[in-house]
Each structure stands twice: as C-alpha cells, then as structure tokens.
Amino acid sequence: MSHTIHGVSVGIERHHQQMMVVMKASGTLTHEDYQSITPMLIGALQAIVQPKVKILVDITDFEGWELRAAWDDFRLGMKMGSNIDKIAIYGHKSWQDMAAKIGAWFIKGEMRAFEKYEDAIEWLAASES
C-alpha cells in the first residue's frame, strides 16, 4: 500500500552572499497545503531584509495542483508579487516553462525555468547590471 506524499517545504538559504527563499513542492498540492504554506511563505519573506527577494522553487517531485489549489496558487502570487525580484523554477518537468510563463502574469519580477540546480542558483545570485 503506497500513498503519495504531498506538500511544500519553505526555508531560507544563503548562496553567494544572497539570502534566498527556497520552496520544494512535492506530489499534488491541495487547498489544505496552501492554507499551511501561506503563513510559512509570508514569514520567510519577512525574514529576508534585503529589498529584492529571490525565490528558488524546486519542482523535481511536483506532480501538479488540485483545481482549488491552482486558484490558491494564483491568489498567493497576487499577494506576494510586489516583493519578489526573481523566481527560479528548478526541475525536469516538461511543463516548467509553461509554469514560468503563467507565473509571469502575476509576479512583477523575473521568472525563469532551469533544468540544473546550479544554473538556477547562479541566475538568482547574479547582480543586476
């Protein structure tokens, strides 16, 4: 008997002297997952004192959203968008480029998809020229 683990972990990591919010999505996210992630994400964003927040989203184990959770995701993006400078989506899913394009509709910062973790970190850490 197997069951799929689903949920989101949120943490803060330092890479190349930059503090970043790191999120890892697993399984199929539900409305309940979003009810627990929203306060965690707000807390992580408030803990970073630099004016431009960078986020790494790891979707290597992500399978998608339930319909109501997709709406929660959109509302969360609307709420967070103005604080976010860059979002790197890391994973091997064929739909990561689509997720980056859809996310760009409601996130004011830049969003890109990456297949390699190191490339995502380098892009996030790069200073704007």
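**Stop one: the helix**

Start by selecting Thr38, which sits in helix H1 (residues 31–47). Helices (H or I, at least four residues) and strands (E, at least two) are DSSP runs, numbered from the N terminus. Before you go on: this is a predicted model, where local features need pLDDT of at least 70, side-chain atom pairs count only at pLDDT 80 or more, and totals for chains, interfaces and linings use all residues. Residues are numbered from 1 along each chain as its sequence is written, and side-chain values use heavy atoms, with hydrogens and water left out.

Is Thr38 buried or exposed? Its relative accessible area is 17%, so Thr38 is buried (under 20%; exposed is over 50%, partly exposed in between, with a 1.4 Å probe and protein chains only).

**Stop two: the strands**

Next, pick strand E2 (residues 18–29): 9 of its 12 residues are buried, so E2 is largely enclosed by the rest of the structure. Strand E1 (residues 7–15) runs antiparallel to E2, joined by 9 bridges; two strands pair if DSSP finds at least two bridges between them. Zoom in on Ile12, which stands opposite Val21 in E2. Then click His16, in the turn of the E1–E2 hairpin, with a positive phi of about 50 degrees.

Finally, show strand E3 (residues 53–65), which pairs with E2 in the parallel sense over 9 bridges. Look for Leu29 opposite Trp65 in E3.
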